Amino acid sequence: MKNILSILAISTLLFTSCSGDKKEKSAELQPVIVKINGKLDTNNSPFVNASGKIEAENSANLSTRMMGYVTKLHVKVGQNVREGQLLVSVNSTDLQAKKAQVDASIIQAQAAYTNAKKDYDRFVNLFAQQSASQKELDDMTARFEMAKAGLEAAKQMRNEIQAQFSYSNITAPFSGVVTNTFVKEGDMANPGMPLVSVEGATRLQVVAMVSESDIAYVKQGMTVKVNIKSLNKEVTGKVSEISLSAKNTGGQYLVKVNLNQQDKSILSGMFVNVQFPIEKTKVVETNTTERVLIPTSALVKQGQLSGVYTVGNGNVAILRWLRLGKTFGNQVEVLSGLSANEAYIVSAESKLFNGAKIQLAN
């Protein structure tokens with residue numbers, strides 16, 4: 001009887017826990033109740049708008065494959081560099097010692113090879129005159145081949161050391177501008193640790209995130225308009241790359257746009273608004289001088305990035321990164337990333353994430 005009661009109790013607990021899991025899963029599928037600021041644009045817009053950031057087409061964080069002290073930092077942030085220019089020197093005393101050892105082993109292997117070749121040639125002539133046996137010729141041939149292989153191995157070791165020297169003298173892989181230095185003279189450089197960041201200064205591109213409801217309208221080679229709000233400037237560009245997966249980008253698709261206009265005032269890292277034309281209609285004029293202020297409580301911060309959740313098509317939350325300006329009390333100025341009168345989420349009853357289903361509060 002006791003055993004039957006125990007089984008019934010365990011079954012009840014399992015049923016309760018399973019039903020609880022089902023409730024939790026169903027609760028996760030429920031839309032998040034949110035409050036927004038501004039009015040949602042329900043009209044069919046002739047453009048797909050997306051926020052993005054300007055980046056250099058060529059950019060690299062340079063590091064070393066060896067460990068050693070930084071003996072000399074040859075460049076500064078903002079300095080123009082050419083391809084192959086020396087940027088960082090790492091102490092290579094141990095490599096120089098290994099190179100001296102390898103050079104000595106090459107001399108030794110060369111002497112052994114020369115001696116073995118003379119003996120091999122001598123026994124070939126003796127064997128032709130029937131003055132040496134086949135066994136003696138075979139032994140001398142094996143000795144000669146071993147000396148030859150030893151010399152080749154020593155030379156390959158020298159090539160390996162020479163390759164290591166390229167990691168002690170870090171050079172620019174392309175012409176560009178030094179955007180950051182992560183070390184100073186005397187620091188210890190470790191394998192894989194970034195030392196200098198370089199970006200190409202000739203070509204710039206825009207990296208934008210487009211929602212899944214709009215990505216179908218974006219085509220390869222499409223001409224788009226890029227609004228750089230911080231400069232109050234509009235330039236054109238062409239779509240060069242379209243990502244076919246949003247697995248690692250929170251339900252948004254990465255699109256790259258090459259800028260047609262190269263302007264020294266346009267810098268890498270600036271935030272922009274990209275306008276993808278769906279059909280050829282007239283551009284709606286906007287007041288670019290209007291100041292946009294949002295409450296600081298609506299901001300979402302991740303590291304040094306700040307953004308807000310906007311309402312995407314299909315009532316989903318879309319995280320949009322912003323470039324912020326001055327703070328006025330409990331409000332902050334938005335320089336780019338959010339247009340005037342554009343709706344954004346002020347508060348939510350539960351935690352939001354990119355692509356979360358939302359429902360507007362009554």
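## A salt-bridge network

Asp 119, Arg 122 and Arg 143 are joined in a network of salt bridges. The model described here is a predicted one. In total, the structure contains nine salt bridges.

## Overall make-up

The protein is built from three helices and 22 strands. Of its 362 residues, 33% count as buried. The accessible surface amounts to about 22,400 Å², and carbon and sulfur atoms account for 52% of that area.

Among contacts in the protein with a separation of 6 or more, 72% are between residues 24 or more positions apart.

## Helix H3

Helix H3 covers residues 134–165, which is 32 residues. The distance from its first C-alpha to its last is 47 Å, close to the 46 Å expected at 1.5 Å a residue.

Which residues of H3 are buried? They are Leu 137, Met 140, Phe 144, Ala 147, Leu 151, Ala 154, Ile 161, Gln 164 and Phe 165. These buried residues pack against helix H2 (93–128) and strand E7 (169–171).

## Strand E10 and its partners

Strand E10 spans residues 194–199, and five of its six residues are buried, so the strand is largely enclosed by the rest of the structure. Strand E3 (residues 59–63) runs antiparallel to E10 and is joined to E10 by five bridges. Within this pairing, Leu 62 has Val 196 in E10 as its bridge partner.

Strand E8 (residues 176–181) is also antiparallel to E10, with four bridges between them. Here Asn 180 stands opposite Ser 197 of E10.

## A three-stranded open sheet

Three strands form an open sheet in the order E21-E1-E22, and their pairing is mixed. Strand E21 (344–348) and strand E22 (358–360) are the edge strands, each pairing on one side only. From one strand to the next, the twist averages 50 degrees.

Strand E1 (residues 32–37) pairs with E21 in the antiparallel sense over four bridges. Val 34 has Ala 348 in E21 as its bridge partner.

Arg 203 and Glu 57 meet through their side chains in a salt bridge, at 3.6 Å from N to O. Arg 203 lies in the loop between E10 and strand E11 (204–211), and Glu 57 in the loop between strand E2 (47–56) and E3, so this pair ties together parts that are 146 residues apart in sequence. Arg 203 is partly exposed, with a relative accessible area of 37%, and Glu 57 is partly exposed at 33%.

Lys 117 is partly exposed at 34% relative accessibility, and Asp 121 is partly exposed at 33%.

The side chains of Glu 241 and Lys 256 form another salt bridge, at 3.9 Å from N to O. This pair links distant parts of the chain, with Glu 241 in strand E13 (residues 233–242) and Lys 256 in strand E14 (residues 252–259), 15 residues apart. Glu 241 is partly exposed, with a relative accessible area of 42%, and Lys 256 is partly exposed at 21%.

## Ser 306

Is Ser 306 buried or exposed? Ser 306, which belongs to strand E18 (residues 305–312), has a relative accessible area of 11% and is buried. Apart from neighbours within four places in sequence, Ser 306 is in contact with Val 300, Lys 301, Trp 321, Leu 322 and Leu 324.

Key:
Residues are numbered from 1 along each chain as its sequence is written. This is a predicted model: local features need pLDDT of at least 70, side-chain atom pairs count only at pLDDT 80 or more; totals for chains, interfaces and linings use all residues. Side-chain values use heavy atoms; hydrogens and water are left out. Helices (H or I, at least four residues) and strands (E, at least two) are DSSP runs, numbered from the N terminus. The expected span of a helix is 1.5 Å times one less than its number of residues. Buried means under 20% relative accessible area, exposed over 50%, partly exposed in between (1.4 Å probe, protein chains only). Contact means heavy atoms within 4.5 Å. Two strands pair if DSSP finds at least two bridges between them. Axes are lines fitted to C-alpha atoms, for helices over the stretch in contact, and angles run from 0 to 180 degrees between N-to-C directions. Accessible areas come from the Shrake-Rupley method with a 1.4 Å probe; for residues, only the protein chains shown count as cover. A salt bridge is a side-chain nitrogen of Lys or Arg within 4 Å of a carboxyl oxygen of Asp or Glu.
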